[in-house]
Amino acid sequence: MAMKLAVPAQADFTEEVAEWIEAFDQIVVDEGPEQAAELIQVLRQRAREAGINTPGEIRTPYLNTIPKHDEVPYPGDRQMERKVEALIRWNAMAMVHGQNKKDAGIGGHISTYSSLATLLEVGFNHFFHAKYGDQPGDFVYFQGHASPGVYARAYLEGRLNDDHLKNFRHELREKPGLSSYPHPWLMPNFWRFPTVSMGIGPLNAIYQARFMRYLENRNLIEKTPRKVWAFVGDGETDEVETLGAISMASREKLDNLVFVVNCNLQRLDGPVRGNKRIIDELEGIFRGAGWNVIKVIWGSDWDALFERDHKGLLLKRMEECVDGEYQAFKAKGGAYVRKEFFGKYPELLELVSDMTDEQLARLHRGGHDSVKVYNAYKRAVEHRGGPTVILAKTVKGYGMGTTEARNAAHQEKKMTDDALTTFVKRFDIPVPEEAAKYGTPYKPADNAPEIQYLHERRKSLGGYMPHREVPEMNFKAPELDYFSEWTAGSKGRAVSTTMGFVSILRHLLKDPKIGKLIVPIVPDEGRTFGLESAIRQVGIYAAEGQKYKPHDVDMLLYYREEQDGQILEEGITEAGSMASFTAAGSAYSNYRVPAIPFYMYYSMFGFQRVGDMVWAFADSRGKGFLMAGTAGRTTMLGEGLQHQDGHSHVLMSAVPTCLSYDPAYVYELAVILQDGVRRMYHENEPVFYYITMYNEDYAMPEMPQTEGVREGIVRGIYKFKNAIKGKSDAHLFGSGPILNEAVRAQQILAEKYGVQTDVWSVTSYNELRREALSVERWNRLHPADAEKTPYIVQALKSAKGPIIAATDYMKAVPDQLSPWLGNRLVTLGTDGFGRSDNREHLRAHFEVNAESIVAATLSKLARDGKFDAKKAQAAFKELNVDTEKIDAARA
Ligand SMILES: Cc1ncc(C[n+]2csc(CCOP(=O)(O)OP(=O)(O)O)c2C)c(N)n1
Ligand SMILES: [Mg+2]
């Protein structure tokens, strides 16, 4: 092998060490790198045997991982690519600049893309496949703030036109607009993945890559070489979500995953690690987690300097400098670099004596050198056995003149006339003078060679990106009678809605058509929900199968792991599970597989823990069921303040595409699930479901045969029980297990106080409110038309008297109906911190037990002049409802 190794970066060796190095080099050249690596390995082991500790190779010198002699030549036409990249840079900048000139304060970002351009362009020209045969292609998670560059490329490709660019951040005009950041909700044929909330993109990318393997191992999709590329900001790596799951990626051997960290050394306010080097830190973290790490720090123009530096001084100087200094080198120009960087050692100064200040200022960082980037990407896609991270050093605001590498670069939105001219010159941008002067977008004619080159490159990679589509599914949802076992009631057996759900889930898993599409997800709480039988039935997904004999193998319900197992048992990570839910919930578009995820978790650790991810899931047009177990502030007994959820329905109500339900009985649950599958997969509505499940056991009644019950369950309310005798004086609303308290209250009221009530099951206050609001809006906008009536008002048409609504959630949940129920409505809910105790005490404390409902009903009737006030007061005592105790909301 005729290979030449670079001179050692370090100097001052003793003769003996120099000899060793020479001998080692010989092995590398003669026997090859694998042999050399093995030799090192053997030596390390020998050192251990001799009791010598060598530090693990967690950080390598501040150099490119791929040495010059290992580089392959660039396969593209660099001249053409330079032109294309320059035009994209120009248009991205012009779009943001122009919009801010027109509409001051509308915002947008220039400097993120300016640092990322080459990293993306090498991908677009050579790596990002839009297809693999007839299979979908690679996935790219773009840094959200780089969206102007992605739009600018689509503009050159002819996929977006001048109107689009003119409407960047003007989404509410008559012409098509461009959303600020990647949002599939807003641009469903363009963006696939929302990324702009820092940390969510990288985390979702990891689980996406894993879900791809899951679908492959379960034979739901073909195996392809497709990759998940995640472009991540270096500042973004401070988010726990970014780094929190990286060991999962190596554990699962996700060689379909490539992270590219755009190390421009800056975040919004200033340097990411002013006093250290972010690349060193990230290298250690990723290597430690078992990733293949490729550093792309220095551009090709440094190679010549390295070659002439025989003492290793260059590396020494590089390793002395911290990122704050590297930032200043770019911000302050060539003379400064000569003085402050090279000037530290006379030899280094000498090394660059034949270079001008301008040349020194231009010495490239690796992330702006397409040869270096190409080589890194090539290694990454060829790497087997685990994920790769590319740490690419770049300059924030690259090419933006006086803004380059400044702390204020991130916020820069407009450029001065001078800066525009410099920009054009710097990148040799072929824009006509007019465009250059006014900063307007520019696209050469279709037959311009650079435009043809751009199309040719994309054609060879299967088409344009990003692109999102939703294929026809022809999905048939099961009818309600498919769930007859669960609408029939439990025949007196005490069960919980959670148990009911698990048995419905098992039924679905067995279904010959849709069974394989079900994706159960749990963050280590399967046993709590009684999932053991499902584990036995379909197995837990384990990429490498079960390599051990489980200790409980002799038991019927043993812990079964399989390569084609169906359950995603994520371990204790709600964020990771939510990321799996996101991958599965958007598989109908990304993989053309209408996966139906059921993510079962502790309701308290839902939205309030991963709310931003739920929001991104909705943005992704995600579908599926969030099954919130151990729900309810008083039903989840014993565990106390941090476990008892009484507010997730309030939080979920904020998500526009989330339908939330709080069923009391298994038949309600069956109706909601049936309707959910129909709406999401049969009717293709981009909505998802949030359903609370409880762990209180009681007999599940049969679904009433009364007309309208099914519709009522879905729309949010139906009458569950008529007054025991005659006309009702008041109405009791109940949800979840608190409905049973309402039923008990009905009895006490009738027997003890001669007060008759109807009992209603409210399955969704959120849905009732949404419907009522939309009807109100219509009425407001059409004053000359006949008024329409909200469903809640229709449902209560003939119901007179006060309404006492009791819930295991906050009072804010029923209060949502106040505009339509006025002062008839009295709410009892679980505002305040939870406590450890049993249900009886918890419900008394929060005043949602039957006794509190009775007392509240009598009190309200008394206030309305329909019941004797003294008797109402006395009732509190009779019922053991303490009128002087502290308000649970403040306790
Ligand atoms: C969760 C979250 N917090 C804060 C922000 C606001 N924000 C937008 S960009 C940015 C700095 C990004 O720095 P970096 O990740 O290094 O990306 P760069 O622009 O430097 O490439 C911040 C703080 C955000 N988008 N998401
Ligand atoms: Mg940065």
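The paragraphs below take up a pair of helices and then the cavities.

This is a predicted model, in which local features need pLDDT of at least 70 and side-chain atom pairs count only at pLDDT 80 or more, while totals for chains, interfaces and linings use all residues. Residues are numbered from 1 along each chain as its sequence is written, chains are lettered from A and ligands numbered from 1 in the order in which they are written, and side-chain values use heavy atoms, with hydrogens and water left out.

Helix H3 covers residues 78-102 and helix H18 covers residues 417-426, and the two pack at an angle of about 165 degrees with their axes 11 Å apart. Helices here are DSSP runs of H or I with at least four residues, numbered from the N terminus, and the axes are lines fitted to C-alpha atoms over the stretch in contact, with angles running from 0 to 180 degrees between N-to-C directions. Because of that angle, H3 is roughly antiparallel to H18, a term used for angles over 145 degrees. The crossing of H3 past H18 is left-handed, meaning that the near helix is turned anticlockwise from the far one by less than a right angle.

On the H3 side of this contact (heavy atoms within 4.5 Å) are Arg89, Trp90, Met93 and His97, which meet Leu420, Phe423 and Val424 of H18. Sorted by class, the contact of H3 with H18 has five nonpolar, one polar and one charged residues; Ala, Val, Leu, Ile, Met, Phe, Trp, Tyr, Cys and Pro count as nonpolar, Asp, Glu, Lys and Arg as charged, and the others as polar.

A cavity is a set of points on a 1 Å grid where a 1.4 Å probe fits but cannot get out, and its lining residues have an atom within 4 Å of a point. The largest cavity has a volume of about 120 Å³, and its lining includes Trp298, Trp302, Tyr326 and Lys330.

Notes: Angles under 35 degrees count as roughly parallel, over 145 as roughly antiparallel, 65 to 115 as roughly perpendicular and the rest as oblique. On a 1 Å grid over the protein atoms alone, a cavity is a set of points where a 1.4 Å probe fits but cannot get out, and a pocket is an open set with protein on both sides within 12 Å along at least five of seven lines; lining residues have an atom within 4 Å of a point. Grid points are joined across faces, edges and corners, and a volume is the space filled by probe spheres set on the points.
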